[in-house]
Structure formats: C-alpha cells, structure tokens
Amino acid sequence: MYILYGGDFTRAPLVQWVLEEGKIAYEFRKIDILNGKHRSAEFLAINPAGLVPVLITPEGDTLYEVAALMVYLADRHQLTDLAPSSTDPDRGLFLSTVFHIAGDIQSEMKRFHFPHRFSLRREDVAGIQDLAKSLVLSRLDVMNTRLAAKGPYALGPRFSLADFYLCFWIAYLDRETVCLQFPSIARLYELVRSRPGAGTYLEETERMAGAYREMMTTKPGGVIA
Ligand SMILES: N[C@@H](CCC(=O)N[C@@H](CS)C(=O)NCC(=O)O)C(=O)O
C-alpha cells in the first residue's frame with residue numbers, strides 16, 4: 001500500500017486527489033508543518049529536504065516532487081483520463097504544461113508565501129511578494145491566451161491532471177481578480193470545479209487558502225519560518 005505524507009496548507013491534496021480518482025489504496029500521514037514537524041528528525045529521515053508531500057511506494061521507495069508523484073501514479077495505474085499515455089500524441093503538450101506549472105508558476109507561489117527566505121533584509125519582503133505575484137500573473141496571461149486559442153482545457157477538449165494542478169494554485173491566489181483578468185482561466189476553473197472529485201478538492205482548497213491568507217495577515221512576511 002502507498003503511504004502519503006502531507007498536511008494542512010500543503011500541496012499534498014494534489015496527490016491525494018489522484019489516489020482517490022484511481023481508487024488506489026493508501027494511508028495518509030499528517031505532518032504539522034505550521035509547528036515545524038517537517039523539520040523533525042523523524043521526518044528528515046524520510047525526506048532530508050524537509051518538504052511534503054512524500055509518497056512511499058508499495059515497494060518502499062521514497063518519492064517527492066508533487067508533479068512527479070501525480071504523473072507517476074497516473075502512469076503506473078493507467079489513469080489515462082488524467083494523463084495521456086507515453087505514446088499518446090497529447091503527451092508532449094501534457095508534460096510541457098505540467099513542467100511549466102511546476103517550474104515556473106508553483107515556484108513563484110513559494111516565493112510569494114515564503115518571501116523572507118529570499119532576502120536577509122526584512123524591508124525587501126513586500127517587494128519580493130509583489131514581484132512573485134506579477135511573475136505568476138504574467139505566466140497566467142500566457143496560459144490564458146493559449147486556452148483562449150485552444151481550450152477549454154490545457155489539452156484542448158480533453159481534461160487532464162494538468163488542469164487540476166493549475167486550478168489548485170489559482171485557488172491559492174486572489175481567485176476573483178485572476179478570473180476577472182483571465183476569462184479563459186476562469187472558464188477552466190469553473191469546468192474543473194464542476195467535476196465531482198476535483199470540485200470537492202477545489203472547494204476544500206479554497207477554504208484552506210482563505211484560512212492561509214487570514215494567517216498571513218496576522219503574520220505578514222510568512223507563516224512558516
Ligand atoms: N518542489 C517541491 C516543493 C515542496 C514544498 O515546498 N512543499 C511545502 C508544502 S506545500 C513544504 O513542505 N513547505 C515547508 C517548507 O518549505 O519549509 C514540490 O513541488 O513537491
């Protein structure tokens with residue numbers, strides 16, 4: 001059986017959603033990252049990088065990097081409605097989108113939520129956040145243009161986990177503003193939110209994102225050290 005390590009306010013629900021969609025048996029182990037449990041000796045022995053999510057495979061391998069975990073599970077369990085197979089012509093666009101979200105959108109979200117890690121000077125924090133946000137928005141602008149030309153999903157008429165991945169991060173942004181600014185992303189978000197499994201996860205993500213934003217107002221500059 002798989003073991004998934006995740007926790008509140010983390011990206012672990014992305015992996016959990018794939019496990020649920022595939023009806024794959026797993027055990028969930030919560031790591032309390034708000035109280036620094038991801039830096040405990042016990043967890044560092046599992047992932048020395050001190051990051052969640054982590055997936056332990058039935059064979060006992062320890063895997064991390066959320067995008068890799070989602071694609072790995074979809075491939076291994078032949079969830080071709082979530083990820084085109086390796087010989088499917090859509091595979092290239094699928095991988096390109098997933099890698100772009102992981103490397104260029106998600107990474108800026110991290111900079112936005114952990115600005116204090118990117119400078120030694122407290123006064124830089126607001127500027128770092130502004131820059132991260134504007135970079136995310138410029139990347140969403142490109143995505144919006146692409147979806148307008150060939151949507152409504154990242155793969156055109158076909159839903160994939162890339163859509164859910166993007167929407168997850170939209171939920172952690174100022175969603176209303178993003179949707180007003182980018183109509184094709186708004187359409188994608190509504191389509192994904194209307195799907196039974198993904199919709200439930202997105203609603204929960206919206207709730208968590210709201211709570212996270214609330215915490216950020218009481219501790220501007222970063223909730224986690
Ligand atoms: N590149 C990794 C990043 C994982 C990551 O940053 N996870 C966050 C939770 S969503 C975390 O563990 N944060 C704790 C920290 O940065 O100290 C991935 O995409 O899985």
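## Strand pairing and the sheet

Tyr-5 stands opposite Val-54, a residue of β3. Strand β1 (residues 2-6) and strand β3 (residues 54-56) run antiparallel and are joined by three bridges; helices (H or I, at least four residues) and strands (E, at least two) are DSSP runs numbered from the N terminus, and two strands pair if DSSP finds at least two bridges between them. The model is predicted, with local features requiring pLDDT of at least 70 and side-chain atom pairs pLDDT 80 or more, while totals for chains, interfaces and linings use all residues. Residues are numbered from 1 along each chain as its sequence is written, and side-chain values use heavy atoms, without hydrogens or water.

The open sheet has four strands in the order β2-β1-β3-β4, and the pairing is mixed. Because β2 (26-30) and β4 (62-64) are edge strands with a single partner strand each, one side of each has no neighbour in the sheet. On average, neighbouring strands of this sheet are turned by 25 degrees against each other, direction ignored.

## Helices on the sheet

Helix α1 (residues 12-21) packs on the sheet and touches β1 and β2, where contact means heavy atoms within 4.5 Å. The direction of α1 makes about 155 degrees with that of β1; axes are lines fitted to C-alpha atoms, for helices over the stretch in contact, and angles run from 0 to 180 degrees between N-to-C directions. Helix α3 (residues 66-76) lies across β1, β3 and β4 and runs at about 120 degrees to β4.

## Backbone features in the loops

Phe-9 is in the loop between β1 and α1. Its phi is near 60 degrees, a positive value in a residue other than glycine.

The peptide bond from Val-52 to Pro-53 is cis, with omega near 5 degrees, and Pro-53 belongs to the loop between α2 (41-44) and β3. Another cis peptide bond links Gly-151 to Pro-152, with omega about 5 degrees; Pro-152 is placed in the loop between α5 (125-149) and α6 (161-171).

## Ligand surroundings

The residues surrounding the ligand include Thr-10, Arg-11, His-38, Arg-39, Leu-51, Val-52, Glu-65 and Val-66, as well as Gln-106, Lys-110, Phe-114 and Arg-117; a residue counts as near if one of its heavy atoms lies within 4 Å of the molecule.

A polar backbone atom of Val-52 is 2.7 Å from a ligand nitrogen atom. An N or O atom in the side chain of Lys-110 lies 2.4 Å from an oxygen atom of the ligand, and a polar side-chain atom of Arg-117 is 2.7 Å from a ligand oxygen atom. Of the 510 Å² of accessible area that the ligand has on its own, the protein covers 91%, as computed by the Shrake-Rupley method with a 1.4 Å probe.

## Annotated domains

In UniProt, an unreviewed entry assigns "domain: GST N-terminal" to residues 1-81; such annotations may be inferred rather than shown by experiment. This span, residues 1-81, is 31% helix and 20% strand, and its end C-alpha atoms lie 22 Å apart.

The unreviewed UniProt entry also lists "domain: GST C-terminal" for residues 87-212. Residues 87-212 are 75% helix and 0% strand, with end C-alpha atoms 40 Å apart.

Terms used:
Polar contact = N/O pair within 3.5 Å; in protein donor to acceptor, adjacent residues only side chain to side chain.
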